[in-house]
Amino acid sequence: MTAATLRHAGWILRGNPLTAVAAAGVFLLTLIAIFGPWIVPYDPIVSNVSQALMPPSAAHIAGTDQLGRDVFSRLIVAARLDLAIAISAVGISFAIGAVIGAICGYTGGRLDRGVGRFVDVVMAFPLFVLAMAMVAALGNRVENIVIATAIINLPFYIRFARAEVNVRRNVGWVEAARACGDSHLSVVLRFLLPNVLPAMAVQISLNLGWAILNAAGLSFIGLGVKPPTPEWGIMVAEGARFISTGKWWLVAFPGLALMLTVLCFNLLGDGVRDILDPRMRT
Amino acid sequence: MTSSLLALSDLHVTFSTRRGLVEAVRGVTLSLGEGEMLGLVGESGSGKSVTGFAITRLLDAAGRITAGQIRFRGQDITRISAGDFRHLHGAAMAMIFQNPRAALNPIRAVGDQIADAITAHKRMPRDQARAQALELLRAVQIRDPEKRMAAYPHELSGGMCQRVMIAMAISCNPALLIADEPTTGLDVTTQKIVMDLLAGIAAERGMATILITHDLGLAARYCRRVVVMEQGRLVEEAEPKTLFRAPQHPYTKRLVAASPTASSRIADLVPEEERGRRIAMRVAPRPQPAPGTPPLLEVQKLAKRFDQGAAAVADFSMMISAGESVGLVGESGSGKSTTSRIICRLIDPSEGEIAFEGQSIGHIPARDFHRSPFRKNIQIVFQDPNDSLNPRYTAFDCIAHPLLRLGGMRPGDALRQRVEECAQRVGLGIELLTRFPHQLSGGQKARVGIARAIACRPRLLVLDEPTAALDVSVQAVVLQLLDRLRREDDLAFLFVSHDLNVVRMMCDRTIVLQNGHIVEQGESRAMFDNPQTAYTRELVDAVPHIEPRLVASVG
């Protein structure tokens with residue numbers, strides 16, 4: 001399985017250079033998130049007021065902020081936190097949403113209708129406002145950002161899994177699995193879910209970018225990670241105060257980091273689906 | 001042939017695919033006279049539909065005519081511009097497709113759709129076009145045409161939709177009609193009605209027709225001339241009579257042999273010279289069960305209602321003895337699939353009793369039946385091999401699945417051996433076991449499905465149209481395989497099918513279902529040779545035969 005999958009992934013990437021670039025980007029981002037704190041040239045927390053608000057130079061390639069901290073170092077260190085929030089939030093909402101959605105799509109009936117209405121209600125709120133309210137109510141902590149982001153993502157996964165499973169519930173191989181001795185639950189978890197996974201991979205990838213933006217957005221309005229922790233959203237928020245005085249690098253570099261990260265995840269989506277779907281193999 | 005309406009000469013069509021260029025049509029030469037009905041017969045992948053699409057210029061973007069000519073009334077239409085071709089479409093040539101429901105616009109009333117087809121080629125007021133559309137609906141013998149004008153495709157049956165398609169196709173009086181599998185997917189009785197109608201209209205209007213079909217019997221019944229295609233080449237061209245009496249090309253011989261007729265037996269499905277040593281096909285007399293032994297399966301007064309609707313199945317009783325093969329025939333909506341799934345315990349009956357070897361299994365809810373010790377005794381082979389295998393399982397996983405779940409086996413050498421043994425029994429190469437379903441052909445997938453069903457050595461095998469989606473030559477092999485397995489394992493079959501010729505060959509007894517009720521049952525051959533009820537007779541008569549006396553008697 002693994003060797004063939006790798007060969008197939010290579011084939012897809014060769015035919016699709018944009019996906020390959022995105023994959024490389026995500027890979028690089030992961031490396032940065034893991035090893036960031038050890039490779040940065042400066043301490044991201046300790047301030048050095050004599051060096052405050054220096055424009056990009058050879059010593060500080062992304063300049064320094066109002067406390068003289070190296071913006072580049074802070075960007076690198078922030079990757080871990082932002083990525084961790086996004087991945088755990090998306091992971092939680094995918095795991096819960098896919099199972100609930102798949103069960104609803106398979107059984108139909110009252111449960112399906114009930115969950116469907118609940119999802120409609122959640123989606124009727126402006127989702128970012130909902131996340132703000134949750135973080136404000138639960139307290140300004142990283143876990144709560146994760147929980148809030150996971151909950152506002154949940155409806156998408158429920159709907160998606162429900163729709164994908166629903167069209168497959170009557171196919172021959174589902175009945176065949178029943179005839180081979182699988183219970184309904186095992187059909188859903190072991191047969192239907194793996195089959196909708198490729199389609200959901202796209203959703204996950206798009207969602208990761210969105211979740212990073214969401215976390216940064218919460219921090220931007222002061223409801224997320226607290227300073228002085230390096231985080232892209234806070235960096236944009238703090239930098240915004242200095243933009244009128246021409247200190248553009250405080251906003252531009254964290255903004256660029258956010259944009260590139262989200263772009264990579266979005267571009268990766270389609271490639272991931274092609275790699276995971278065995279029908280794409282010849 | 002007085003005048004040639006259409007002449008193809010050395011036509012080549014090539015598709016560019018991921019694996020490079022594929023030649024779908026390799027040098028087809030044929031001609032068609034005014035008003036002639038030509039049968040174009042072949043199995044899937046023979047290039048018959050591609051030929052039809054090439055003539056009407058409906059090839060998709062990947063396909064290209066690489067060589068040859070298509071002359072329509074003497075003009076080479078492969079060279080004319082798209083704009084000029086539009087005038088030919090509909091007005092000079094029209095096409096009808098396999099799935100009429102998919103070819104109609106679902107959100108527009110059929111009357112309007114026909115009127116659209118008319119005004120696309122002739123400038124005329126809307127009222128006039130609608131009046132013509134009504135006339136056409138009358139011409140295709142739709143009941144209540146005034147009412148049906150406002151009907152949407154989903155409100156009409158498959159046969160009705162195909163009539164609407166025919167009405168649309170003939171709306172501009174084309175000189176040539178290409179019918180691509182026009183009745184595949186319709187019931188036999190509907191097939192007969194639609195084909196009779198089509199042949200009648202073609203004769204009446206002097207319209208030349210190319211009937212593209214996989215069904216030799218159908219082509220023989222309606223066409224005066226039949227051409228057979230194999231792998232993009234034309235292998236034989238003859239009158240139906242000669243074609244069936246004395247096929248020349250080896251492929252035609254195979255095809256003719258594989259098409260089941262009212263009198264053929266399982267062993268006849270392979271041409272004589274390929275049969276090799278005649279395998280002892282004589283049925284060993286089945287040992288009479290000791291008196292007092294309960295039958296393998298006994299079903300009493302079964303009924304099934306879905307929600308508040310009318311009963312899908314009502315008052316259904318039957319019995320199957322060990323090793324017996326029972327056929328269940330009926331048209332779509334007759335309840336045969338529902339019945340087979342209830343017996344398989346995949347869905348619950350509303351009423352009635354099911355007993356397996358004397359023990360009641362009807363009361364076990366279908367959702368718990370997977371835990372029942374009877375689960376492995378009753379297995380099922382599904383209709384469409386394409387959707388009955390999990391796309392993420394290899395052939396090995398598919399066959400191993402019931403062994404792991406029901407056979408109590410664990411992954412390891414023993415399992416591997418057992419799976420390979422099953423694959424060998426169904427004639428599936430061991431090297432194919434690592435492949436995913438989409439890497440297998442239809443016939444190979446059918447074998448995997450059968451191997452999976454027999455892996456746990458069931459006593460009763462429910463076969464739900466097991467060959468309906470297969471080419472005749474593959475069907476022949478699969479039927480022989482099933483018959484052999486039945487004899488080897490003393491398996492009982494419940495053979496669900498709409499194909500009477502197949503049921504007649506495969507089954508000792510047959511039950512005819514109509515609207516959920518049993519209308520007739522009895523010993524297969526006797527019943528089909530001498531049907532007692534009007535419905536069974538209608539079914540039998542509707543089957544296209546390739547007996548010489550019936551060939552092309554319609555004209």
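**Close-up views of a predicted model**

**View 1. The bridge partner of B:T510 in β20(B) is B:G522.** The structure shown here and in the views that follow is a predicted model. Strand β19 of chain B covers residues 509-514, and it pairs with β20(B) in the antiparallel sense over six bridges. In general, the strands of a sheet pair through backbone hydrogen bonds, and the pairing is either parallel or antiparallel.

**View 2. Six strands of chain B form an open sheet.** The order of the strands across the sheet is β16-β17-β18-β13-β19-β20, and their pairing is mixed. At the edges lie β16 (378-381) and β20 (517-523) of chain B, each of which pairs on one side only. From one strand to the next, the twist averages 20°.

**View 3. Helix α19 of chain B has one face lined by buried residues.** This helix spans residues 534-542, and its buried residues are B:T536, B:L539 and B:V540. Viewed down the axis of α19(B), these buried residues fall within an arc of 95°, and therefore they line one face of the helix. As a general rule, an α-helix has 3.6 residues a turn, so residues three or four places apart point the same way. On the face of α19(B) turned away from the buried side are the exposed residues B:A534 and B:D541. The cover over the buried residues of α19(B) includes the helices α8 (188-205), α17 (500-506) and α18 (524-529) of chain B. Strands β19 and β20 of chain B also belong to this cover.

**View 4. Strand β3 of chain B is mostly covered.** The strand runs over residues 37-42, and six of its six residues are buried. Both faces of β3(B) are covered: one side holds B:M37, B:G39 and B:V41, while the other holds B:L38, B:L40 and B:G42. Strand β3(B) runs parallel to β8 (residues 208-213) of chain B, to which five bridges join it. Within β8(B), B:T213 is the bridge partner of B:V41. Five bridges also join β3(B) to β9 (residues 225-230) of chain B, and this pair is likewise parallel. Here B:G42 has B:M229 of β9(B) as its bridge partner.

**View 5. A loop of chain B carries B:G309.** The loop lies between β11 (297-305) and β12 (311-320) of chain B. B:G309 counts as exposed because 7 other C-beta atoms lie within 10 Å, and the cut-off for an exposed residue is 12 or fewer. From C-alpha to C-alpha, B:G309 and B:E420 are 46 Å apart in space, and in sequence they are 111 residues apart.

**View 6. Helix α9 of chain A is mostly covered.** Of the nine residues in this helix (residues 232-240), seven are buried. They are A:W232, A:G233, A:I234, A:M235, A:V236, A:A237 and A:G239.

**View 7. Chain A and chain B meet in a contact to which both give residues.** Chain A contributes 18 residues and chain B contributes 24 residues. On the side of chain A that touches chain B, the elements giving two or more residues are α7 (172-179) and α8 (184-220) of chain A. Helix α7(A) supplies the largest share of that side, six residues. By class, the side of chain A that touches chain B comprises eight nonpolar, six polar and four charged residues.

Technical notes:
Residues numbered from 1 in each chain as written. Chains lettered and ligands numbered in written order. Predicted model: local features only at pLDDT ≥ 70, side-chain atom pairs only at ≥ 80, totals over all residues. Buried ≥ 20, exposed ≤ 12 C-beta atoms within 10 Å, placed from the backbone. Helix = DSSP H or I, 4+ residues; strand = E, 2+ residues; numbered from the N terminus. Pairing = 2+ DSSP bridges. Contact = placed C-beta atoms within 7 Å. Nonpolar A, V, L, I, M, F, W, Y, C, P; charged D, E, K, R; others polar. Axes fitted to C-alpha atoms, helices over the stretch in contact; angles between N-to-C directions. Arc of directions from axis to C-beta.
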